Amino acid sequence: MKVLSVFGTRPEAIKMAPVVKALAEAPNINSRICVTAQHREMLDQVLRLFAIEPDYDLDLMRHQQTIGDITAEVLQELIPIIEHERPELLLVHGDTTTTFAAALAAYYTHTRIGHVEAGLRTSDKYAPYPEEMNRRLTGALADLHFAPTLIAANNLRMENVPDERIHITGNTVIDALLDTVEKPCELAEYGLGAIDWSRRVLLLTCHRRENWGEPMQQIFAAVKRVLEEHPDIELVFPWHKNPLVRDTALLYLGESERIHYVEPLDYLPFCHVMRRCHLALTDSGGLQEEAPALGKPVLVLREVTERPEAIDAGTAALAGVGFDSVYAAATRLLDDEAAYRQMAQAINPYGDGRAARRIVDIIGAI
């Protein structure tokens, strides 16, 4: 059976790496890989880390490219590849523009679609944007839905997806994370040598489109107040390359010897920072799943999340995007040891590190 896996961003590559590895080891599967390079540099970091060699590289990243540009180029470049390879299944992951466009290309060529990390929903088509609709539209096209949790599976059932097409597997990011943290890493080589790890270290990521402007200003101002009131903590901020994010951070968060701005980290050092940090504050998706697997509480810098399992399990909490709510959530976990322990010791709902093997076993049994 020929399976063509398509991905284009760093998060997709991380979460697809265990699947690609398991596909390559399956004796009854001919695995092919196509990357779109929607994110070029960050994608390449992950390909090197997991020793993934694509069969096709569309190299689509362009300066100031739009969502429409990516969608159109993926369709134009991928359809001839699908027609040449004729896979029995095209495999996509999650909620990126590459994901949706690749699924649409597969549909146009009458190719079956498998959707890894299917069924996540916020029910607000603009939060997160454009990820929510990318995921929903991909779900409408998919033939096999690999849902990471029961909640995700139930979301699909409510959309009238037949039970026989839904498979609960766990999240492949846990597979990738548990493998990566076992690899050696010297953090000083990544600009992190000045951090005093004897202090409580906060890990911050903040870049989502819906947080640009006033929300991001409020978030950074709240974090600054937290730092001012807690002289025993340090902050690591791998800041996004977008000048809007950087300018806002410098204006509202400011500069201090306890604030460590670093370039976007490779996945290996990022995992090791997660392992050593005290608390994570993030508006991203993957970190909500990864940090709890390492016993680290997560404050979600958003009003809604498509990952409610973490909230329900108590491994994460919605901190919102306002100054007061972000400040209160962070202060509570820094000042209340019992509240911190309760989150740190909660059971991670995203799986046991064997999701990729389950996915490949299901594909192999088709």
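**Strands and helices**

Mentor: Strand E1 (residues 2-7) and strand E2 (residues 30-35) run parallel, joined by 6 bridges. Helices (H or I, at least four residues) and strands (E, at least two) are DSSP runs, numbered from the N terminus, and two strands pair if DSSP finds at least two bridges between them. This is a predicted model, where local features need pLDDT of at least 70 and side-chain atom pairs count only at pLDDT 80 or more, while totals for chains, interfaces and linings use all residues. Residues are numbered from 1 along each chain as its sequence is written, and side-chain values use heavy atoms, with hydrogens and water left out.

Trainee: Which residue in E2 is the bridge partner of Ser 5?
Mentor: Look across from Ser 5 to E2. The bridge partner there is Ile 33.

Trainee: Which strands stand at the edges of the open sheet?
Mentor: The sheet has 7 strands with parallel pairing, in the order E3-E2-E1-E4-E5-E6-E7. Two of them have a single partner strand each, so one side of each is left without a neighbour in the sheet. They are strand E3 (56-57) and strand E7 (166-168).

Trainee: How many residues of strand E9 (residues 233-238) are buried?
Mentor: Buried means under 20% relative accessible area, with a 1.4 Å probe and protein chains only. Ile 233, Leu 235 and Phe 237 point one way from E9, Glu 234, Val 236 and Pro 238 the other way, and all are buried. E9 is therefore largely enclosed by the rest of the structure, the count being 6 of the 6.

Trainee: What is the handedness of the crossover from E8 to E9?
Mentor: Strand E8 (residues 200-205) pairs with E9 in the parallel sense over 4 bridges, and Val 201 has Glu 234 as its bridge partner. The chain goes from E8 through H8 to E9 as a β-α-β crossover. A crossover counts as right-handed if, with the strands pointing away from the viewer, the path from the first strand over the helix to the second runs clockwise. This one is right-handed.

Trainee: At what angle do the axes of H8 and H13 cross?
Mentor: Axes are lines fitted to C-alpha atoms, for helices over the stretch in contact (heavy atoms within 4.5 Å), and angles run from 0 to 180 degrees between N-to-C directions. Helix H8 (residues 214-229) and helix H13 (residues 323-335) have axes that come within 8 Å. Their crossing angle is roughly 35°.

Note on methods: Buried < 20%, exposed > 50% of the residue type's maximum accessible area, 1.4 Å probe, protein only.
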